[in-house]
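Student: Hi! Could you walk me through this one?
Tutor: Happy to, let's take a look together.

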There are 2 protein chains.
Amino acid sequence: MKLLERLRAIDAEAKLIEHIGAMLGWDQETYMPSAAIDERADQLAFVETLSHQKRTTAEIAEILEALGSTTANPSGPGTLPSIDRAYLRVMRRQYDQKTRIPSELVTEMAKATSLSQAAWIEARKNDDFKSFAPHLARMLDYNRQIAACLDPARRPYDVLLDQFEEGASEAQIAGVFGALRADLVALLDKIRSRPQIDDSFLHHECPTPAQQAASAYFMDVLSYDLSRGRLDVTAHPFTTTLGSSDVRITTRFVENFFPSSVFSTIHETGHALYELGIQPSPEYRRTSLSEASSMAIHESQSRLWENMVGRSMGFWMQHLASLRTMLSPALNGIGLEDFYRAINKVQPSLIRTEADEVTYGLHVILRFELESRMLSGDLPVSDLPAAWNEGMQRLLGVEPPDDARGCLQDIHWSMGSFGYFPSYALGNLYAAQWWDTMKAQGLDPKAAVERGDLGSILAWLRSNVHKPGAVYRPGELVERVSGAPLDPSHFVRYLNEKYARVYGF
Amino acid sequence: MKLLERLRAIDAEAKLIEHIGAMLGWDQETYMPSAAIDERADQLAFVETLSHQKRTTAEIAEILEALGSTTANPSGPGTLPSIDRAYLRVMRRQYDQKTRIPSELVTEMAKATSLSQAAWIEARKNDDFKSFAPHLARMLDYNRQIAACLDPARRPYDVLLDQFEEGASEAQIAGVFGALRADLVALLDKIRSRPQIDDSFLHHECPTPAQQAASAYFMDVLSYDLSRGRLDVTAHPFTTTLGSSDVRITTRFVENFFPSSVFSTIHETGHALYELGIQPSPEYRRTSLSEASSMAIHESQSRLWENMVGRSMGFWMQHLASLRTMLSPALNGIGLEDFYRAINKVQPSLIRTEADEVTYGLHVILRFELESRMLSGDLPVSDLPAAWNEGMQRLLGVEPPDDARGCLQDIHWSMGSFGYFPSYALGNLYAAQWWDTMKAQGLDPKAAVERGDLGSILAWLRSNVHKPGAVYRPGELVERVSGAPLDPSHFVRYLNEKYARVYGF
């Protein structure tokens, strides 16, 4: 066991370095003076090089081999305790991924990505897809190369998906999304036939200090421990981990649209609760086993709290009066029913990040289809705008007036990130499956929310989803917890019940 | 010159690491969640080890030797450009200092220091010097060991002083302080014979947001570039350098004593302006040559702006109306003369950090005398409280009612920092000498302040004091700039003129 201890020590040091990188990144987004940006980039690059060195040291391979972990049999011998086997699997996977991509390719791609991002910013500003197209083509090409390095035997998109959602494949996700798409489109049709909801009061002027008080209130309601975290303001909300007891979130305050801060605070708090709840065992503290199972599982936590709890009638039965006081006079005279319907209004729109619960999945499905086709070469980059617009029309019934609000809206592809988008939609599906599992196990989460007992829900999530961290792959986790593989019908049923109530059909 | 480039590259990487350490330290004091403290300590220790490794690598010694820099002749051959010779001197001194102290001693002392600090906090809280005494004895002993490692041929206190004020010795400082002490005591006697000033309005309630606005105003008045810095709130104000374009300050807001934030903001801004103004030459950016000449020179910048500018009549002729508006109603109806006299009130008191311009030096001189005697063994640790109280009575005419407000008040000795205190008083002396030198060179700083032209003063300081950084030792710098060695008569004359006006004698 000396070897395992040594492996954990190397891992913990690499993680410490990564936490320092997270510190530098957090500061860059929150408080850093603007002129410090060049030096900060050098500092971040230094820290990344250091952590890369640490994670690719030959000693890791030697220890893994000595313990019986190989690429073919990553978990090592069955005689080891299962938590140690899980750890060997995680470390083997990480080591293989990090050592299979030549460092020249990493450096080259980092430079190209930086140019690509700059080009994307300009292209979006000027609605000029053509100027971005060569960069997009280059990013696709680098991703093909990376996929080939990681696993030349598999289809490139499968390899990329697996990076974010271990064990996932395009075929599996296509199956899940196929069912989901049909159901979402059908639900959207029903909603379209109903009178639209008036949500104009959500746009009442609401000063930042009042919204700050509301954010603090909801972080407290959700039991976010501020001795282990904090809230700051950034252009785009995020959650970041600076240590096992230092998980910070950010939000933004839009003075004429308070739901932006309220729901992004709840969303990011969901992410933070997950990170803070991971603790597979004391000896695996600060190791790679104390990480999220996958990005989609992470998203299941933010979405569960934001939507299934935070946009439920029971939640606002408890908290609308407080919100009305904190935001006064913005919500004066607004009743529970009107408020509930307004925050759940469904309206097909152009921008993914502003989408409601029903249409959100369709935005993601479109991106999944398009990135898969671009990667395989089936869709030439130059045809992306047309394909995008056709897809928006087909899935959502809206047509982008320009590429800035169309295929140029998201940062992901410009950063060379392909295979990530599905996580957003999978998160909703996992969340609904956790919800139904709680219910099946005798904890009625709806009733708990209605009586203000969020603690029971958090306790269930902690012990079932948070605690094991990366011990289980996402597919294993969902089977272990719910007794079944990922099944989109939970989410579809949840949406149908909810929106039948909201839109009265 | 390849060798010199390589040396600068190693140095720049070490400095980058130190800036990352400063980032972690800044965050710890400002925004870090409380439970993150243990992990943050590990992160800081990791970064310190890394920078120590970088600064003690044998390659530095090899390059220094190859370039002709030795301990006996640190600047190398006279044929090198003078800036490069200054750099060799700085790097040789740094390397010698860092490699002469065995790492076991560093580690051992770090542990002892952490215990000592904890013991000091308790001892101060409980007014229990006895419980701290063994730690103080241990800290003195470690300092004797360190001095012996650094230079066994010199007296220990001289070696320690030289760490903070290169080239200084106890004999030289004793000479300077001897003259100063007599003059300060004489001035204090004169002031004591005059009616005391009413400064009660300085304690009017003043909400934090109003004080924040005032801090922002004075940072702007002093031309602190906020694209390269920022202000935050901490228990104890400080300045910290996170990069050559990232120098941050902090302050604290005391609601019933606004001068605390106003003057600490001006003080720290003075430090920040110095750090931001150092640029001996482009190729020495981000190297150890782009550092302060000494701690006392640093203090000369904060004190010059805080006291010689910030507590002058001319400054408030310009800014009292604005302050009155920002802090309204706290200063309503307070005239210029009353305000000026109040912020310059002299009153012997127990606590150094709260002392006025006249008595401050006496607090420092007491510490200088006592730490020197403790280090030589002339003053046993157990006799410190009595010696302290006797000194306070002799120099300031006040007697501490307990050790908490006596010899336990400062953190320095508990941290094993001996030889640092003199810098505080030397800073005032340097500041007054810069002031008189400006005047002698035809830039009348008093007149400049009166007409609101702080830019001329900053420009003079930048080109004469800031820009060269560590190119000159403090003694060389003062001779170069003013044509004479450090001379306390400038400061004494400044004080006498000022307080004759304030107290009317």
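Tutor: One term before we start: a polar contact is a pair of N or O atoms within 3.5 Å; within protein, one must be able to donate a hydrogen and the other to accept it, and residues adjacent in sequence count only if both atoms are side-chain atoms. This is a predicted model, where local features need pLDDT of at least 70 and side-chain atom pairs count only at pLDDT 80 or more, while totals for chains, interfaces and linings use all residues. Residues are numbered from 1 along each chain as its sequence is written, chains are lettered from A and ligands numbered from 1 in the order written, and side-chain values use heavy atoms, leaving out hydrogens and water.

Student: Okay! What does the side chain of Thr265(A) reach?
Tutor: The backbone oxygen of Ser261(A), at 2.8 Å.

Student: And where is Thr265(A)?
Tutor: In helix α10 of chain A, residues 259–277. Helices here are DSSP runs of H or I with at least four residues, strands are runs of E with at least two, and both are numbered from the N terminus.

Student: Is Thr265(A) buried or exposed?
Tutor: Thr265(A) is buried, because its relative accessibility is 1%. The cut-offs are under 20% relative accessible area for buried and over 50% for exposed, with partly exposed in between (1.4 Å probe, protein chains only).

Student: New topic: in what order do the strands of the sheet come?
Tutor: The order is β1-β3-β2 in chain A, an open sheet of three strands with mixed pairing. Two strands pair if DSSP finds at least two bridges between them.

Student: Which strands stand at the edges?
Tutor: β1 (231–233) and β2 (239–243) of chain A; each has a single partner strand, so one side of each lacks a neighbour in the sheet.

Student: How many bridges join β2(A) to β3(A)?
Tutor: Four, and the two strands run antiparallel. Thr239(A) stands opposite Ile249(A) in β3(A).
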